[in-house]
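Have a look at the sequence and the fold, then read on.

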Amino acid sequence: MIPDPTAAWLLLFSPLIAAATILLIGLKRPAVSAGLALGGMLVSLTCAASLFARSLGGELALPLELSVSWIGLPGLQAQFGVLIDRLSLLMSLVVTGVGSGIFLYSIGYMKGDNGYSRYFGMLSLFAFSML
């Protein structure tokens, strides 16, 4: 079982990691780029489902708030974090569930297209933005 903080961060960042990997090394490998994009979205879906199940079972106290110091200058302190409550968790399930179906459908729909890898990189970036 994935610990709550790890699942929360993976839920958010796995599509971004997939997008960066595709755009850096996968542009010439269409099958790899599709696999990375779908894998990133399925990791997010798994994390969202895990957090949702634990919140229903009472193991996870919501809201869950996690943050890290992003900018630390004298007179300026900026935090970056995630806040998971019931609504955001439900929306994460919707985005990752529907998104996984879209990613899976796109594998066949985009087959043979010249921008296949770029499409999956941008689709992963869009999924990160929605999350």
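## A pair of tyrosines

Let's start on the outside: Tyr 105 and Tyr 109 are both exposed, meaning over 50% relative accessible area, where under 20% is buried and anything in between is partly exposed (1.4 Å probe, protein chains only). The two tyrosines sit in helix α3, 4 residues apart, or about one turn of the helix. Helices here are DSSP runs of H or I with at least four residues, strands are runs of E with at least two, and both are numbered from the N terminus.

How are the rings of Tyr 105 and Tyr 109 arranged? Their centres are 5.7 Å apart and the planes meet at 20°, so this pair counts as stacked. For the rules: rings of Phe, Tyr and Trp (its six-membered ring) pair if their centres lie within 6.5 Å, with planes under 30 degrees apart called stacked, over 60 edge-to-face, and the rest tilted.

## Other aromatic pairs

Tyr 119 and Phe 120 pair up edge-to-face, at 5.3 Å centre to centre with 80° between the planes. Tyr 119 is partly exposed, at 27% relative accessible area, while Phe 120 is buried at 0%.

There's also a cluster: ring pairs link Trp 9, Phe 13, Phe 80 and Phe 128. In total, the structure holds 7 aromatic pairs.

## A closer look at Ser 92

Back in helix α3, which covers residues 86–109, you'll find Ser 92. Is Ser 92 buried or exposed? With a relative accessible area of 12%, Ser 92 is buried. Setting aside neighbours within four places in sequence, Ser 92 is in contact (heavy atoms within 4.5 Å) with Leu 11, Ala 48 and Leu 131.

## The whole protein

Zooming out, the protein has 4 helices and 2 strands, which run α-α-β-β-α-α along the sequence. The C-alpha trace spans about 45 × 45 × 20 Å along its principal axes. Of the 131 residues, 35% are buried. Take the contacts between residues at least 6 apart in sequence, and 69% of them join residues at least 24 apart.

## How to read the numbers

This is a predicted model, so to speak of local features takes pLDDT of at least 70 and side-chain atom pairs count only at pLDDT 80 or more, while totals for chains, interfaces and linings use all residues. Residues are numbered from 1 along each chain as its sequence is written, and side-chain values use heavy atoms, with hydrogens and water left out.
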